[in-house]
Amino acid sequence: MSDGSTRWGREGGRDAGAYDAQWTRMEAAGVDPHGEVVFVQGYRPTSVLDAGCGTGRVAIELARRGVDVVGVDLDAQLLDAARTKAPGLSWAHADVTTVDLGRTFDVVVLAGNVMIFLAPGTERAALTNLGRHVASGGRLIAGFQVHDHRLPLGTFDAAAEAAGLTLVERYATWDREPYEGGDYAVSVLGRS
């Protein structure tokens, strides 16, 4: 399990098999579980950092579609599952607030509510550090549930601004539905 200082760790994380099963059920029901991948591909990246990659669902699908991907996660159990499924990809067991991969990416994506599972108060550090991994002209994309008790959108926006990132676009879903308030937001940020 991951670090107990994060919300993910304090809430018990999830078993890798149970985590993956939700996507399998979704696909079996005829729902495409790769909405984040389609969204990210809209920016035509050749390289992507999947920050908070979990069991690798997004990273593996991006790689299958020809994108150079690196996955990073703090939860060792989830990361082990990703490594088992795709041993040829680059996986890093690290904290998104401090990881240094020594390179930049066309897109850094935080899918699957990564922002709300960080240790409280580390959102700015995460965005600052991950922003360093965004190539010139690239994008940082974060999708998460907007709840006042976890991470209000205003707090996220202030952290992004303090990290030198500017809001470029915001949607209500990974299907690019317009954001008009609500409980989920996909924010696309660029370096200032």
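These notebook entries record what I looked up in a predicted model of a single chain.

**Entry 1: the chain overall.** I began with the secondary structure and found eight helices and seven strands. I then looked up burial: of the 192 residues, 51% count as buried. For the accessible surface I noted about 8600 Å², with 49% of that area belonging to carbon and sulfur atoms. I also examined the contacts with a separation of 6 or more, and residues 24 or more positions apart account for 66% of them.

**Entry 2: helix 7 and helix 8.** I next turned to helix 7 (residues 123–131) and helix 8 (residues 153–162), whose axes come within 8 Å and cross at roughly 45 degrees. An angle from 65 to 115 degrees would count as roughly perpendicular and one under 35 as roughly parallel; the two helices are therefore oblique to each other. I recorded the crossing of helix 7 past helix 8 as right-handed. On the helix 7 side, the contact is made by Glu123, Arg124 and Leu127; helix 8 contributes Phe156, Ala159, Ala160 and Ala162. By class, I listed the residues of this contact as five nonpolar, two charged and no polar.

**Entry 3: Arg191.** I located Arg191 in strand 7 (residues 184–191). Leaving aside neighbours within four places in sequence, I found Arg191 in contact with Gly131, Val134, Ala135, Ser136, Gly164 and Leu165. Finally, I looked up the separation of Arg191 from Leu167: the two are 24 residues apart in sequence, and their C-alpha atoms are 9.0 Å apart in space.

Methods:
Residues numbered from 1 in each chain as written. Predicted model: local features only at pLDDT ≥ 70, side-chain atom pairs only at ≥ 80, totals over all residues. Heavy atoms only, no water. Axes fitted to C-alpha atoms, helices over the stretch in contact; angles between N-to-C directions. Helix = DSSP H or I, 4+ residues; strand = E, 2+ residues; numbered from the N terminus. Parallel < 35°, antiparallel > 145°, perpendicular 65-115°, else oblique. Left-handed = near helix turned anticlockwise from the far one by under 90°. Contact = heavy atoms within 4.5 Å. Nonpolar A, V, L, I, M, F, W, Y, C, P; charged D, E, K, R; others polar. Buried < 20%, exposed > 50% of the residue type's maximum accessible area, 1.4 Å probe, protein only. Areas by Shrake-Rupley, 256 points an atom, 1.4 Å probe, with all protein chains shown as cover.
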